[in-house]
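The points are grouped by topic.

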Amino acid sequence: MITSGDDLVAVIAPRLNTVQWPDGYIGLRGDDVVVLCGKILAKAQGRWCARGKCESGFRSRAGLPEKLDLQAPVEVAAAAGQIRRGLAARFGGRPGVVITASASEKISDQGAAPDRAIAVAGVDWGSESGDAVAHAIAALAGLVAQSNPNCPVVVVRGLPDILTWED
């Protein structure tokens, strides 16, 4: 459980260290992309408020106490860079970080709109194609997270060409 003031990297690193890949590799590599749901960042930032007293920043109430609500995270670009540096210190390399948000509007009668990237660190999204790739990663991770609501962090492997040295 994430609470106000938690160091997200310290919380997620032990779990990332146990991810088992089909090729037998265990853990995070320096060229992976770590995707975090914005909700856990908001929790760590302490963006709590009494339910009904603020505008909720999230489509789903999953993982929220009954009497509390959660506002959207702030300074997400800086947080993405901080998370990236923390992961690099623990795992080596320069993993990419994408922070996502759930889109509020529906795109069809089939369900809600896919998640979108609201901040990245180390992922090229300065170009049109980079922006599209960041949002595609967010949408994919959102599908994975929806299938397992207790998993707000998704690791994507095999996209080293989109990573940048800079945050």
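## Nonpolar cores

The largest nonpolar core holds 25 residues, and the members that touch the most others are Leu16, Leu36 and Leu87. At least two residues of this core come from each of α1 (8-16), β1, α2, α3 (76-91), β4, β7 and β8. The largest share, six residues, is supplied by α3. The model is predicted.

- Leu36 touches Leu8, Ile12, Ile83, Val97, Val98, Ile99, Thr100, Pro152 and Val153, when residues up to four places away in sequence are not counted.
- Another core, of 14 residues, lies apart from the largest one; Val35, Ile137, Ala141 and Val156 are among its members.

## Helix α3

- The end C-alpha atoms of α3 are 22 Å apart, which agrees with the 22 Å that its 16 residues should span at 1.5 Å a residue.
- Buried in α3 are Val76, Ala79, Ala80, Gly81, Ile83, Arg84, Gly86, Leu87, Ala88 and Phe91.
- These buried residues pack against α1, β1, α2, β4 and β7.
- Gly92 follows α3 and has a positive phi, near 85°.

## Helix α4

- Helix α4 spans residues 128-147, 20 residues in total, and reaches 29 Å from its first C-alpha to its last, close to the 28 Å expected at 1.5 Å a residue.
- The buried residues of α4 are Gly130, Ala134, Ile137, Ala138, Ala139, Ala141, Gly142 and Ala145.
- The cover over the buried residues of α4 includes β1 (33-37), β4 (96-101), β7 (116-121) and β8 (153-156).

## Lys39, a buried charge

- Lys39 is part of helix α2, residues 38-44.
- Although buried, Lys39 has no salt bridge. The nearest side chain of opposite charge is that of Asp69, 8.0 Å away, whereas a salt bridge requires a distance within 4 Å.
- Beyond its neighbours within four places in sequence, Lys39 is in contact with Phe58, Ser60, Arg61, Ala62, Leu64 and Leu70.

## Glu75, a positive phi

- Most residues other than glycine have a negative phi.
- Glu75 is not a glycine, yet its phi is positive, about 50°.
- Glu75 sits in the loop between β3 (68-70) and α3.
- With a relative accessible area of 66%, Glu75 is exposed.

Key:
Residues numbered from 1 in each chain as written. Predicted model: local features only at pLDDT ≥ 70, side-chain atom pairs only at ≥ 80, totals over all residues. Heavy atoms only, no water. Helix = DSSP H or I, 4+ residues; strand = E, 2+ residues; numbered from the N terminus. Expected span 1.5 Å × (residues − 1). Buried < 20%, exposed > 50% of the residue type's maximum accessible area, 1.4 Å probe, protein only. Contact = heavy atoms within 4.5 Å. Lys, Arg positive; Asp, Glu negative; His and termini not counted. Core = buried A, V, L, I, M, F, W, Y, C linked by side-chain atoms within 4.5 Å.
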